[in-house]
Amino acid sequence: MKHLTEMVRRHKQGGGDGIYAICSAHPLVLEAAICFARDQGTPLLIEATSNQVDQFGGYTGMTPVDFRRFVQTLAARLDYPEQNLILGGDHLGPNRWQHSPAAQAMEQAETLIQHYVAAGFKKIHLDCSMSCADDPTPLTDDIVAERAARLAKVAETACLRAFGLCDLVYVIGTEVPVPGGAHETLNTLDVTTPQAAQATLQAHFNAFEREGLSTLWPRIIGLVVQPGVEFDNANVIDYVAEKAVSLSKMIEGIDTLIYEAHSTDYQTPQALKRLVSDHFAILKVGPALTFALREALFALACIEEELIPARACSGLRAVLENVMLDKPGYWQDHYHGDSHSRRLARGYSYSDRVRYYWPDKEIEEALAHLLRNLADEPLPLPLISQYLPLQYIHVREGRIVATPHALIISHIQDVIRQYHTACQGNHE
């Protein structure tokens, strides 16, 4: 994938370039990201995770082909050039089937990889770091690497069969943060040691060589490590560059490789920029984007309550809370404490388990009701100032119009802009 290999080349030549990956399937988040990339004239990397999209539909109900068509249709509607669109698969491996024996889980993982590659996903994160039902815990680097090489071989075969050439790029790594943020309260976080990173690379190189895959090694562009960033329900562990100095220096001697940083959500703009300059040049962001979406929708619900008689209001927040209580599967193992603490977490947690509930029919109807209520005339500027003060400035400066949709997109783009700026390197 030329966009990614060129970015790595520029970064390694001292340009300080990076790229951010949008890890979300929400239509409004994707619209915000596509419009932002269109207006900036930049490539856009959108990634689907193995629990989100798989051969059975994942929690979104979409297979890889479905997801590709969904994104391509949205990009076409928004006049974004398809050749600038990069699709990635995140955490591809036995993650979804880790409660099964390893042999069975890996068979499913092979099918998963085949579906992603055949659908046109070009950036493949091989993640075999989780133990299956009959595995030791934790897995050794050698076992993880052996399984990753097995999946890479499947991916190469699938790509050649579907497209007549092998142009995939890969990300590897065993120190992979939990998708969507930590489940427990965090206070400190250990940074991956250079020795651990080197051991991971060597184990993978050996495993790929045994599978006859040495020639694709230059297309392994990213190594997932822990630079010392993470978030839980209410806290963010910020990047401290001094703790990652030796890890950062270790990658400098490898011409075709950079680091991929997961769980960078909620980092400060300064921390994001420093991560990229320290060679953590692929920044993954997901929950922070749907968190921003939720913020905008809650703000609009407050504006609705000021403008519309109570009997005619959508009651979006109450509907959302009731559905989450009736269907607690997506949050009950993640939010703890007394009833008050859990209520706050359901609405406001950094982990943003709300994101799993937006497709619910009852919530969709309440959201549509909210947007209809606010669509008839421009929203009063004082209320925008009260509930969406940053968007108020954009409206006053004439950059956006005072409609619900424009306010939502703008609020999400405020997060995306921080990542874009961090990834510009010396080209600002």
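In this predicted model, strand β1 spans residues 19-22, with Ile 19 and Ala 21 pointing one way and Tyr 20 and Ile 22 the other way. All of these residues are buried. In a regular strand, side chains alternate between the two faces of the sheet.

**Strand β1 and its partners**

- Strand β1 runs parallel to strand β10 (residues 282-285), and four bridges join the two.
- Within this pairing, Ala 21 stands opposite Lys 284.
- Strand β1 also runs parallel to strand β2 (residues 44-49), to which two bridges join it.
- Here Ala 21 stands opposite Leu 45.

**Salt bridges**

- The model contains 20 salt bridges.
- One of them pairs Lys 284 with Glu 47, with the closest N and O atoms 3.4 Å apart. This pair links distant parts of the chain, since Lys 284 belongs to strand β10 and Glu 47 to strand β2, 237 residues apart. Both Lys 284 and Glu 47 are buried.
- Another salt bridge joins the side chains of Glu 260 and Lys 123, at 2.7 Å from N to O. Glu 260 lies in strand β9 (residues 258-261) and Lys 123 in strand β4 (residues 123-126), so the pair ties together parts that are 137 residues apart in sequence.
- Glu 260 counts as buried because its relative accessibility is 0%, and Lys 123 likewise counts as buried at 0%.
- Arg 147 and Asp 135 also meet through their side chains in a salt bridge, at 2.8 Å from N to O. Arg 147 lies in helix α5 (residues 141-163) and Asp 135 in the loop between β4 and α5, so this pair ties together parts that are twelve residues apart in sequence.
- Arg 147 is buried, with a relative accessible area of 12%, and Asp 135 is buried as well, with 16%.
- Salt bridges with shared partners connect Glu 47, Asp 90, Lys 123, Glu 260 and Lys 284 in one network.

**Surface charge and helix α12**

- A patch of negative charge on the surface brings together Asp 326, Glu 362, Glu 364 and Glu 365.
- Helix α12 (residues 361-373) supplies the largest share of this patch, three residues.
- Glu 364 is found in helix α12 and is partly exposed, with a relative accessible area of 45%.
- Asn 322 lies in helix α10 (residues 316-326) and is partly exposed, with a relative accessible area of 43%.
- Asn 322 and Glu 362 are 40 residues apart in sequence, and their C-alpha atoms are 10.0 Å apart in space.

Terms used
Residues numbered from 1 in each chain as written. Predicted model: local features only at pLDDT ≥ 70, side-chain atom pairs only at ≥ 80, totals over all residues. Heavy atoms only, no water. Buried < 20%, exposed > 50% of the residue type's maximum accessible area, 1.4 Å probe, protein only. Patch = residues over 30% accessible without salt bridge, like charges linked within 9 Å, V, L, I, M, F, W, Y side chains within 5 Å. Areas by Shrake-Rupley, 256 points an atom, 1.4 Å probe, with all protein chains shown as cover. Salt bridge = Lys/Arg side-chain N within 4 Å of Asp/Glu carboxyl O. Lys, Arg positive; Asp, Glu negative; His and termini not counted. Charge placed at Lys NZ, Arg CZ, Asp CG, Glu CD. Pairing = 2+ DSSP bridges.
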